[in-house]
Amino acid sequence: MKKFSQIDIGAEFYAEVVISASDLDAYLTFSRIKNIVYENAKPSEQEKKMVSGRAILSRIEGEFTRLEEMYGNLLIFYGIDGDPNWNNRQTRFLKPVYTGDILKVKYKISEKRELDDQFGLLGVDFEAVNQDNKAVVISNRNLYRIKKDPPMHQEPT
């Protein structure tokens, strides 16, 4: 685990994500998304369903929290802001993602600042390509509050 003080702007981390049909079904049940894309699928299409954009982002975020460098930190999703360098957009889905696709995700720390005595803020950009190395999603300025490093305990002198 990297502590807040050890995380640098520009640092990159990587993960691989596969969303199965059962993962998507569980997400759709939980989120209560109702969309004819999923309801009208023929039996042959059940094996390769198009994945909801929010499901993709949820899974990518989930993998971020599981990274060796992040797991163990107190991370709190703070929000998603538009990127001023990207006409205030935040996320774009560039190609469809289907269940079983293999996504290679790059996480890049794009912002880091102190919020208060206890917490800092990390801005994290996500980029994912599929198994054909085609970009499928870009999401900038995903913001996380992160508990700052505890002060070093000093023995009384």
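Biologist: Let me start with Asp81: is this residue buried or exposed, or partly exposed?
Modeller: This is a predicted model, to say that first. In it, Asp81 is partly exposed, with a relative accessible area of 34%.

Biologist: And which residue forms a salt bridge with Asp81?
Modeller: Arg141 does, and the closest N and O atoms are 3.8 Å apart. That pair links distant parts of the chain, 60 residues apart: Arg141 sits in strand E6 (residues 135-147), while Asp81 is in the loop between strand E2 (75-80) and strand E3 (91-93).

Biologist: Is Arg141 buried or exposed?
Modeller: Buried, because its relative accessible area is 16%, and the cut-off for buried is under 20%.

Biologist: What about Glu111, which residue does it form a salt bridge with?
Modeller: Arg141 again, with the closest N and O atoms 3.1 Å apart. Glu111 lies in strand E4 (residues 102-114) and Arg141 in strand E6, so this pair ties together parts that are 30 residues apart in sequence. Glu111 and Arg141 are both buried.

Biologist: Which residues are linked in that network of salt bridges?
Modeller: Asp81, Glu111, Arg113 and Arg141.

Biologist: How many salt bridges does the count come to?
Modeller: Nine. One of them joins Lys49 and Asp25, with the closest N and O atoms 2.5 Å apart.

Biologist: Where do Lys49 and Asp25 lie?
Modeller: Lys49 is in the loop between helix H2 (36-39) and H3, and Asp25 is in helix H1, so the pair ties together parts 24 residues apart in sequence. Lys49 is buried, at 9% relative accessible area, whereas Asp25 is partly exposed at 33%.

Biologist: Switching to the helices now. At what angle do H1 and H3 pack?
Modeller: About 110°, with the axes of H1 (residues 21-31) and H3 11 Å apart. That makes H1 roughly perpendicular to H3.

Biologist: Which residues in H1 and H3 meet?
Modeller: From H1 you have Asp23, Leu24 and Tyr27, and from H3 Arg54, Ala55, Ser58 and Arg59. By class, that contact has three nonpolar, one polar and three charged residues.

Biologist: Which residues in H3 are buried?
Modeller: Ala55, Ile56, Leu57, Ile60, Glu63 and Phe64.

Biologist: Last one: how far apart are the end C-alpha atoms of H3?
Modeller: They are 20 Å apart. H3 has 14 residues (53-66), which at 1.5 Å a residue should span 20 Å, so the two agree.

Notes:
Residues numbered from 1 in each chain as written. Predicted model: local features only at pLDDT ≥ 70, side-chain atom pairs only at ≥ 80, totals over all residues. Heavy atoms only, no water. Helix = DSSP H or I, 4+ residues; strand = E, 2+ residues; numbered from the N terminus. Expected span 1.5 Å × (residues − 1). Buried < 20%, exposed > 50% of the residue type's maximum accessible area, 1.4 Å probe, protein only. Axes fitted to C-alpha atoms, helices over the stretch in contact; angles between N-to-C directions. Parallel < 35°, antiparallel > 145°, perpendicular 65-115°, else oblique. Contact = heavy atoms within 4.5 Å. Nonpolar A, V, L, I, M, F, W, Y, C, P; charged D, E, K, R; others polar. Salt bridge = Lys/Arg side-chain N within 4 Å of Asp/Glu carboxyl O.
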